[in-house]
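Work through the exercises below with the coordinates open. Each task is followed by a solution in steps.

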Amino acid sequence: MAEHSSNHPLKPLTQWVNLQQPLSFDDYCQAGGYQGSKVALQYSPNEVLEIVKNSGLKGRGGAGFPTGMKWSFVPMFTDGDEEVLDNKYLVANADEMEPGTFKDRFLLEGVPHQLVEAIIIAAYTIGANKAYIFLRGEYYLAAKRLQDAIDQAYQNNWLGEKIQGSSYSMDLYIHCSAGRYICGEETALINALEGKRAIPRAKPPFPQVSGLFGKPTIVNNVETLCNLPHILKNGIAWFQAISPNSDAGSKIYSACGRVKNPGLWELPMGPTLGEVLYDYAGGMQDGLKFRGLLPGGASTDFLVAEHLDTKMDFDSIAKVGSRLGTGGLIVLDDKNCPVAMVLNLMRFFAQESCGWCTPCRDGTPWAVEVLTRIEHGQGKIKDLETLAKLCDFMWIGKTHCALAPGAVEPLRSALKYFHDDFLQHIEHGCCHYNPSMTAKRTKVSQAQLTQSEAEQVISANSTQASYSPQSPKAGQ
Amino acid sequence: MEKINTTVIDYQHYLTAPEIAAIEHEASIMETREAAGIEALKVVQAHRGWISDESLFAISDLLSVPIAQLEGVATFYNLIYRQPVGQYVIHLCDSIACHLTGADSVFVAIKQYLNIDYGQTTTDGKFTLLSNACLGGCDKAPVMMIGIEHYQHLSPESAVDILQQLAAKGEVNG
């Protein structure tokens with residue numbers, strides 16, 4: 001667990017993290033904080049925009065969209081008109097609810113001033129005089145520490161009227177949500193901030209043009225924003241030199257599941273999956289073997305052993321059929337059932353679907369129903385076709401937002417990589433990972449069991465009247 | 001024409017001064033009064049434990065938000081309770097990292113100890129058990145949240161220990 005802070009220059013995001021007692025304003029300044037924002041205020045907003053554009057910074061919230069380009073869609077004022085009050089908003093997306101993702105929490109609780117400084121830079125660049133931190137309701141500690149940091153920033157004129165003697169004024173508020181995954185989608189987040197039911201909006205218009213209260217709005221992920229002070233302070237060349245790969249900068253990678261050393265690590269963009277899994281997470285716990293992993297949170301495709309040499313940057317992961325997402329590995333071992341894992345993920349998506357569009361509202365619970373049947377040994381071969389069809393019904397272009405396609409990703413890849421497990425559940429009428437279940441049918445895939453296992457299965461079932469070695473195969 | 005009876009709750013007679021002050025503060029930092037809706041629900045819930053119909057009507061009156069819209073917001077969120085809950089609401093994470101590391105066995109232990117299932121409250125009104133989407137403690141799974149506390153690295157035994165301590169604490173404080 002990388003809870004200790006380090007002054008390694010290649011770990012800009014986490015170098016000042018202290019989870020026990022985050023740096024106060026004075027200590028943060030002494031360590032080198034509020035220097036990036038100082039530099040930013042010396043430039044014009046358009047100059048800062050050019051710096052961020054040229055840095056190659058991409059969004060760390062999952063989609064990987066170039067941050068500077070996103071900002072450039074906001075109608076900008078001409079240089080020299082900075083004092084004109086413009087109704088624009090900057091929102092930090094701290095609604096971290098992607099299962100298997102806990103990187104933003106680390107930054108929020110560990111170094112809250114860094115986010116405040118980052119928001120000042122971003123809001124100044126797009127000309128927003130009001131900014132919100134949209135924080136998930138469960139992060140109580142983060143809320144307290146952020147509020148302390150904001151109060152200190154106000155006391156030291158880094159927020160409020162005429163920041164540091166410049167003509168720029170900005171107010172920053174925290175909005176604590178009340179727990180709903182879809183609020184992480186930027187247009188749903190905007191609806192939530194407006195006090196409406198948090199349903200994603202149709203795009204266009206994009207929030208950059210018409211967002212919060214109908215005004216130009218930029219929504220950026222916490223980790224994305226936290227890069228800004230360091231880019232401004234140290235320059236583009238420094239930022240790009242951090243990573244030898246195609247994507248610039250560093251990224252917080254993490255791993256969870258039954259690995260030896262679950263946690264998170266800030267690394268130059270693009271370590272291989274295997275490096276994160278074995279060198280940092282320590283590999284699997286004793287007695288367990290690696291089966292597969294989701295590379296970037298719950299809504300990414302499974303990758304398996306053959307992919308472990310893949311670099312964890314946006315392009316490389318996409319090339320092997322998944323997404324970098326949030327960079328948080330969720331690791332599946334050989335004693336956990338892949339079907340049960342997908343069922344758990346799908347339950348999450350079904351529960352968190354906002355219910356607006358039919359493919360998602362009805363498709364995700366339908367997939368849960370089918371997966372539950374299979375996991376409980378009551379599946380039919382035809383169910384696999386149904387699941388494949390659902391993957392199609394809920395794919396990109398057929399739904400209102402990205403939630404349902406995100407739910408499809410682990411399912412469709414599990415059907416591909418763990419096909420034998422699905423088949424065994426159906427053919428044997430049980431889950432072999434569940435010790436309380438025994439096979440009701442043994443016919444087709446008997447070859448996959450060892451002789452002794454097969455005998456155990458038969459003897460365990462011999463008391464059941466319904467058992468017959470010749471019982472018909474499921475789905476026929 | 002037959003008159004339809006509707007319930008009107010005057011916020012001034014229903015909400016307390018501290019509740020109104022807290023809600024008004026939130027409304028003051030947003031551009032519209034309706035934007036304070038979710039915070040208003042949280043304020044009233046913090047004082048009263050849950051959001052009754054009457055509370056909903058009163059907030060609607062205070063913020064001039066249609067009741068239906070406010071109900072749509074209230075029922076949307078996992079942390080707004082539209083039913084009475086116990087003194088301690090247990091949010092047990094059932095998302096993937098906790099699932100892979102044994103949340104099911106923690107659930108079974110809690111269920112047996114309290115003799116309630118998800119969505120239920122103990123007969124003494126002390127505990128309500130709810131599942132929760134990922135709590136962001138995946139490297140310290142399994143986890144649960146009670147009040148504002150997050151409990152990590154749970155085992156069936158440690159989870160029951162925590163509940164026992166809370167139950168004992170509740171008795172002392174009345």
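**Exercise 1. Positive phi**

In which loop of chain A is the place of A:N157? Classify the residue as buried, partly exposed or exposed, and inspect its phi.

Solution. The model is a predicted one.
- Step 1: A:N157 is in the loop between α7 (140-155) and β3 (171-176) of chain A.
- Step 2: Count C-beta neighbours. A:N157 has 13 inside 10 Å, so it counts as partly exposed. The cut-offs that matter here are 20 or more for buried and 12 or fewer for exposed.
- Step 3: Phi of A:N157 is near 60°, a positive value in a residue other than glycine.
- Step 4: Most residues other than glycine have a negative phi.

- Step 1: A:F213 is found in the loop between α8 and β4 of chain A.
- Step 2: A:F213 has 16 C-beta neighbours inside 10 Å and therefore counts as partly exposed.

**Exercise 2. Cis peptide bonds**

Which residues does the cis peptide bond with omega of about 5° join? Where does A:P205 lie? Then treat the bond from B:A141 to B:P142.

Solution. 
- Step 1: The bond joins A:P204 and A:P205.
- Step 2: A:P205 lies in the loop between α8 (186-193) and β4 (217-221) of chain A. A:F213 is found in the loop between α8 and β4 too.
- Step 3: In chain B, the bond from B:A141 to B:P142 is cis, with omega near -5°.
- Step 4: B:P142 lies in the loop between β2 (127-132) and β3 (144-146) of chain B.

**Exercise 3. Two helix pairs**

Describe the packing of α2 with α6 and of α15 with α17, both in chain A.

Solution. Two packed helices are described by the angle between their axes and the distance between the axes.

First pair:
- Step 1: α2 (residues 35-42) and α6 (residues 112-126) of chain A pack at about 15°, with axes 8 Å apart.
- Step 2: α2(A) and α6(A) are therefore roughly parallel to each other. The cut-off is an angle under 35 degrees.
- Step 3: α2(A) passes α6(A) in a left-handed crossing.
- Step 4: On the α2(A) side, A:G36, A:S37, A:A40 and A:L41 make the contact; they meet A:E117, A:I120, A:I121 and A:Y124 in α6(A).
- Step 5: Sort these residues. There are five nonpolar, two polar and one charged.

Second pair:
- Step 1: α15 (residues 358-375) and α17 (residues 403-417) of chain A pack at about 25°, with axes 9 Å apart.
- Step 2: α15(A) and α17(A) are therefore roughly parallel to each other.
- Step 3: Their crossing is left-handed.
- Step 4: A:P359, A:C360, A:G363, A:T364 and A:A367 in α15(A) meet A:L403, A:A404, A:A407 and A:L411 in α17(A).
- Step 5: The residues divide into seven nonpolar, two polar and no charged.

**Exercise 4. Core and a buried loop residue**

Which residues have the most contacts inside the largest nonpolar core? Is A:L324 buried or exposed?

Solution. 
- Step 1: The largest nonpolar core has 197 residues, and A:I119 and A:M346 have the most contacts inside it.
- Step 2: Beyond four places in sequence, A:M346 contacts A:T364, A:A367, A:V368, A:L371, A:A407 and A:L411.
- Step 3: A:L324 sits in the loop between α13 (314-319) and β8 (328-333) of chain A.
- Step 4: A:L324 has 27 C-beta neighbours inside 10 Å, so it counts as buried.
- Step 5: Leaving out residues up to four places away in sequence, its contacts include A:G64, A:P295 and A:M312.

**Exercise 5. The chains and their interface**

How many helices and strands does each chain have? Which helix of chain B gives the most to the side that touches chain A?

Solution. 
- Step 1: Chain A has 19 helices and eight strands. Chain B has eight helices and four strands.
- Step 2: Of the 476 residues of chain A, 57% count as buried. For the 174 residues in chain B the share is 45%.
- Step 3: At the interface, 33 residues of chain B are in contact with 38 residues of chain A.
- Step 4: α3 (37-48), α5 (67-74) and α6 (96-100) of chain B each supply at least two residues of the side that touches chain A.
- Step 5: α6(B) gives the most, with four residues.
- Step 6: That side of chain B divides into 20 nonpolar, nine polar and four charged residues.

Note on methods
Residues are numbered from 1 along each chain as its sequence is written. Chains are lettered from A and ligands numbered from 1 in the order in which they are written. This is a predicted model: local features need pLDDT of at least 70, side-chain atom pairs count only at pLDDT 80 or more; totals for chains, interfaces and linings use all residues. Two residues are in contact if their C-beta atoms, placed from the backbone, lie within 7 Å. Ala, Val, Leu, Ile, Met, Phe, Trp, Tyr, Cys and Pro count as nonpolar, Asp, Glu, Lys and Arg as charged, and the others, Gly among them, as polar. A nonpolar core is a set of buried Ala, Val, Leu, Ile, Met, Phe, Trp, Tyr and Cys residues joined through C-beta atoms within 7 Å. Axes are lines fitted to C-alpha atoms, for helices over the stretch in contact, and angles run from 0 to 180 degrees between N-to-C directions. Angles under 35 degrees count as roughly parallel, over 145 as roughly antiparallel, 65 to 115 as roughly perpendicular and the rest as oblique. A crossing is left-handed if the near helix is turned anticlockwise from the far one by less than a right angle, and right-handed if clockwise.
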